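Take a look at the structure below. This briefing covers a pocket, a cavity and a pair of helices.

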Amino acid sequence: MVAGSGLIATLGSRIQRVIGRLPRRVFVVTSPEIWALWGQTFCASFSEPPIVLFLAAGEKHKTMASVEKLLRQMVAAGGDRGSLLIAFGGGIVGDVGGFTAAIFMRGIPYVQAPTTFLAQVDSSVGGKTGVNLPEGKNLVGSFHHPRAVFADIGVLGTLPDRELRAGLMESVKAGIIRDRTLVRFMEEHAEEILHRDARALERVIAASIRMKADVVNKDERESGLRMILNFGHTIGHAIEQVTRYKVLLHGEAVGWGMIAALYIAHRRRTITTSQAERMEKLIHLYGPLPPLKLSAARLVAATGADKKNVGGVRRFVLPIGIGDAGVVEDVTVTELEAAAKFMLARAAETAGSAESQPGGKRVAAPEPVIATAGR
């Protein structure tokens, strides 16, 4: 994993240093929007331009149909077992491109060149690839590690503000589950981070990657420890599924999912009231999270398709203090419904605060208050 500025302009030579001589067929899977911004810079580092395969932007294109289309295009272009694929884009491009590489000719090498903050700190690290089904997110996929990951911080300058904030939710998650120092840094340096100060971003990216790499090295196949990386994802994925991936960005859904998980953790006393409020405040600091108008019952029903579930048992990640987390298997439907209702109530409060401001200006979320009834 290499993170820094100016990597896209030297990508061809960097890949050669990792894998040796470039193969006869080099494919790049990317989105039209990313290619329009960076395609010329990307191609300049290759003696022969790679074959470009486009994947339309949006979670709705993270499907088996998209993978089949890419596979057939690679065959038509003369791809073989010696080919190389480069995934150049955000998390969806990385997941779909990596899965395509995993199954083309029973597996070819690939390289990740993530262009969003979320992809740089999360989805490009760890070897998970896959696509969605109508029944749930990432239900089809494989573990296929890239030969290298090149995270160019320079490309974040063209990233929309909303996508940057959504990506930062994964770094908030990383701190909460395993890095108290990162939590403190993100609390104290929010202004620099949100204004894309290079040093601040590099520190957050490096810490997030370090945390995830350490966890993945200890549990590659998600049989135990690696499950903590799914903090906020159980209800977050349910939100995405219920809204058909059209309303929230992934990081935004995870942000709301973390707030729901904090409610359960507080009720179970794995975190104190002050810890719960501090963590929720940090989540809102990197918002605002979009409003939600959903049914708690529908969200809970959607969690039944979560890929962490085994034998019908819902596995749920809860923080243990700040900087640690664990996986529990006994979260009840009643608890999930209460957490979903709490989360939706917080979303309604946030929406009400935003609507009261002229011109749609960003405003602070209401002060976090964790319910204590029934303890």
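Which helix gives the most to the lining of the second largest pocket? Helix α1, residues 11-19, does, with three residues. Keep in mind that this is a predicted model.

**The second largest pocket**
- The volume of this pocket is about 300 Å³.
- Its lining has 16 residues. Leu22, Pro23, Val26, Ser47 and Glu48 lie nearest the centre.
- By class, the lining has seven nonpolar, five polar and four charged residues.

**The second largest cavity**
- Two cavities of 30 Å³ or more turn up in a search of the whole structure.
- The second largest cavity holds about 50 Å³ of space.
- Its lining is made of Val121, Asp122, Glu170, Lys173, Ala174, Ser208, Met211, Lys212 and Leu229.
- At least two lining residues come from each of α5 (117-123), α6 (161-178) and α9.
- Four of the lining residues are nonpolar, one is polar and four are charged.

**Helices α7 and α9**
- Helix α7 (residues 180-188) packs against helix α9 (residues 198-218) at an angle of about 155°. Their axes are 11 Å apart.
- Angles over 145 degrees count as roughly antiparallel, so α7 is roughly antiparallel to α9.
- The crossing of α7 past α9 is left-handed.
- On the α7 side, Thr181, Leu182, Phe185 and Met186 make the contact. On the α9 side, Ala200, Arg203, Val204, Ala207 and Ser208 do.
- The residues of this contact are six nonpolar, two polar and one charged.
- Ser208 is named in this contact and also in the lining of the second largest cavity.

Terms used: Residues numbered from 1 in each chain as written. Predicted model: local features only at pLDDT ≥ 70, side-chain atom pairs only at ≥ 80, totals over all residues. Heavy atoms only, no water. Axes fitted to C-alpha atoms, helices over the stretch in contact; angles between N-to-C directions. Helix = DSSP H or I, 4+ residues; strand = E, 2+ residues; numbered from the N terminus. Parallel < 35°, antiparallel > 145°, perpendicular 65-115°, else oblique. Left-handed = near helix turned anticlockwise from the far one by under 90°. Contact = heavy atoms within 4.5 Å. Nonpolar A, V, L, I, M, F, W, Y, C, P; charged D, E, K, R; others polar. 1 Å grid on protein atoms, 1.4 Å probe; cavity = no way out; pocket = protein on both sides within 12 Å on 5 of 7 lines; lining within 4 Å. Points joined across faces, edges and corners; volume = space filled by probe spheres on them.
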